[in-house]
Amino acid sequence: MANQSTGLTRIIKAAGYSAKGIKAAWQNEAAFRQESVAAITGIIIAFSLDFGVIERILLISSVILVVIVEILNSAIEAIVDRIGSEYHELSGRAKDMGSAAVLFTILLALFIWGIILWSHFMR
């Protein structure tokens, strides 16, 4: 059934669905909680140190991206688990690829943070 809501009502409903998703991720996914705490810590550090605007944007967006990819990975895992608990090669592949996406995003964030912190403190 198509969503009949439009305009502001649709935006309000979408915000409610998003809040439910964040709540579900927080309650059911330890990795989401850990990465959220790390992201909040990173954002505090990004605002605490004397960085330029571009550097600060890169630092903050990289940690937010990790949280976003973790939510997508959790969604993939939930769908696969919903389909069935028996092992299937494609289900395992989907979960492994989601996990790999999170890993690459974390590595990207670490690279960005490493380069910016190194250049900031090695002047």
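A pocket here is an open set of points on a 1 Å grid over the protein atoms alone, where a 1.4 Å probe fits, with protein on both sides within 12 Å along at least five of seven lines; its lining residues have an atom within 4 Å of a point. The model is predicted: local features need pLDDT of at least 70 and side-chain atom pairs pLDDT 80 or more, while totals for chains, interfaces and linings use all residues. Residues are numbered from 1 along each chain as its sequence is written, and side-chain values use heavy atoms, without hydrogens or water.

**Largest pocket**
- Its volume is about 170 Å³, taken as the space filled by probe spheres set on the points.
- The lining consists of E35, A38, A39, V63, V66, I106, A109, L110 and W113.
- Eight of these residues are nonpolar, one is charged and none is polar.
- At least two lining residues come from each of α2 (30-48), α3 (53-83) and α4 (89-121), helices being DSSP runs of H or I with at least four residues.
- α4 contributes the most, with four residues.

**S5**
- S5 lies in the segment before α1 (7-28).
- Leaving aside residues up to four places away in sequence, S5 touches R10 and K13 (heavy atoms within 4.5 Å).

**Annotated spans**
- An unreviewed UniProt entry annotates residues 57-80 and 101-121 as "transmembrane region"; such annotations may be inferred rather than shown by experiment.
- Residues 57-80 are 100% helix and 0% strand, with end C-alpha atoms 34 Å apart.
- Residues 101-121 are 100% helix and 0% strand, with end C-alpha atoms 30 Å apart.

Technical notes: Nonpolar A, V, L, I, M, F, W, Y, C, P; charged D, E, K, R; others polar.
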